[in-house]
Amino acid sequence: MTIKVIATQAFDNQRPGTSGLRKKVVEFQQPHYLENFVQATFNAIGDCNGKLLVVGGDGRYYNRQAVQIIVRMAAANGFGKVMIGQGAILSTPAASCVIRKYNACGGIVLSASHNPGGPDEDFGIKFNGANGGPAPEKVTEEIFANTTSITEYRTCESADIDLDAIGSARVLDTDVEIIDSVTDYADLMESIFDFDKMRSLLSNRRFRMCFDAMHAVTGPYAVEILEKRLGAAEGTVMNAVPSEDFGGGHPDPNLVHAHELVERMNGVEPMAFGAASDGDGDRNMVLGSGFYINPCDSLALLLANAHLIPGYKGGVNGVARSMPTGRAVDRVAAALDIPCYETPTGWKFFGNLMDAGKITLCGEESFGTGSDHVREKDGLWAVLFWLNIIAERNQPARTIVRDHWTQYGRDYFTRHDFEGVDAARAAEMIDALRAKLPSLAGQTFGELTVESADDYHYVDPVDGSESAKQGIRIYTQDGGRIVMRLSGTGTSGATLRVYFDRYQPDPALLGQDPQKALASLIEAAHAMACIEQYTGRVRPDVIT
Ligand code: G16
């Protein structure tokens, strides 16, 4: 086996988005495309000699081929060892766990998250650093800069590794170890939650639950933890076997795509608790009987009940949410007298705060919640957190949420997505709105008057790094807020995301439909941003 240095040419579209580089599979299959990005990443790491690299993915189409390519390149770049999840599988939170546990210099996570998989669908790649978290912007920008100037990459000729058998192999001077994908992560969960209490909840035949793995990566993790370690009935985990195209479905845990689960939660004999996770296992949706729990509420509830969980009995240092996320958690943090940080969209912004010990819990409206046990959002962890709370409080999820609203008031929240919009027109719309910002205050739209408006500019409280233009914020005089930004995770056209939230303290008004409760804000957003004029759309494609 010898090292081969391959001449290549830069591609001009390899800037990582909100969470790594996501493109159609065919784009990644072009000669040198994946290799260029991987070499650009290794160049950003610098000296790879003797270091440990973790590699895994969500099992989607092209995952296995990509892992073989990365192994050869890692060996040719001098890594001491590459650790790979069996079958090339590691959920995103499990990859973070493994990087941290074995002191790797980082890891490569192959996923396009909740986007569909298959030969005509999406693929993705991102680099996580030694803390187990997504690389911060200065690193992703360095990787991008490297992709623009790359002229060669290093690889070697070697037979494919057997990715399915636990054990070791050698490529050049590099040890390649195939590890069990589940055990380290399951052990970590067992160290955080009260498994005895949860076991007795799950053995109560009146408590029926269901977890939808959506044919994606969490299947094996959920079967091991829920069915094997916690004794939930066999079949509790549905769609449990990961498949390369997610069973032809869309592995996005929301009310539309997890419809099979939703039916079980709303039928004649509904389950007591339901949950789903996404393609790579970092997102979660939780449901009570006939009751949807918004991710913004979920984050607030986890914080309010963290003292019930063994892993957080020592206290919570602080909490963070992404800027567009509803502000329910802010009220709980204020009541607990702990800091609450606001960050731009993207899990990478939480890492510094966690590493500095400023926050313990964090979350986003995009179905992500997590804590400092790893440096990724963690779908199954959130589900176990909820189960542990239910086991401790011995109350249905719906009652727990209603009690919370009664105590704190309710922050109504909804997000409207306009997908596949013409990218140039979407950018024009945002630019036009940005230009209006200085004159918006005092203007009236329907029954609402704008109090203030700005373009969110983040300064990281730990290292002072700055991120500009992270979303347009419009506050109304009645306490409402509209946020608009373009998604950084799509693979075709642009997706306009419009977020709405408003606080409602009146106990008589806590049970409304969010679309109705927020109707005046929705109308105002359309009027001030001229959404129809720019996108041609009157209604959003997806509402969460
Ligand atoms: C990623 C990021 C999240 C972000 C989400 C949506 O999640 O890690 O922080 O909230 O994308 O981002 P955008 O609004 O830019 O599309 P995931 O689950 O897709 O990896």
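Q: How far is an oxygen atom of the ligand from a polar backbone atom of Gly346?
A: Happy to start there. A polar contact is a pair of N or O atoms within 3.5 Å; within protein, one must be able to donate a hydrogen and the other to accept it, and residues adjacent in sequence count only if both atoms are side-chain atoms. Here the backbone of Gly346 places a polar atom 3.2 Å from a ligand oxygen. Do keep in mind that this is a predicted model, where local features need pLDDT of at least 70, side-chain atom pairs count only at pLDDT 80 or more, and totals for chains, interfaces and linings use all residues. Residues are numbered from 1 along each chain as its sequence is written, and side-chain values use heavy atoms, with hydrogens and water left out.

Q: Which residues around the ligand come nearest?
A: A residue counts as near a molecule or strand if one of its heavy atoms lies within 4 Å of it. The ligand has 19 residues around it, and those that come nearest are Thr18, Glu364, Ser487, Thr489 and Arg497.

Q: How is the protein divided into domains?
A: Domain bounds come from an automatic or database domain assignment. In this model they give domain 1 (3-181), domain 2 (185-408) and domain 3 (410-543). Between the centres of domain 1 and domain 2, taken over C-alpha atoms, there are 28 Å. Contact means heavy atoms within 4.5 Å, and 33 residues from domain 1 meet 33 residues from domain 2.

Q: What is the area buried between domain 1 and domain 2?
A: Buried area is the accessible area (1.4 Å probe) that two parts lose on being put together, summed over both. For this pair it is about 2500 Å², with 57% given by carbon and sulfur atoms. On the domain 1 side, Thr18, Pro93 and His114 supply 22% of the area buried against domain 2, more than any other three residues.

Q: How many salt bridges and polar contacts are there between domain 1 and domain 2?
A: A salt bridge is a side-chain nitrogen of Lys or Arg within 4 Å of a carboxyl oxygen of Asp or Glu. The count between the two domains is one salt bridge, alongside 13 residue pairs in polar contact (both at pLDDT 80 or more).
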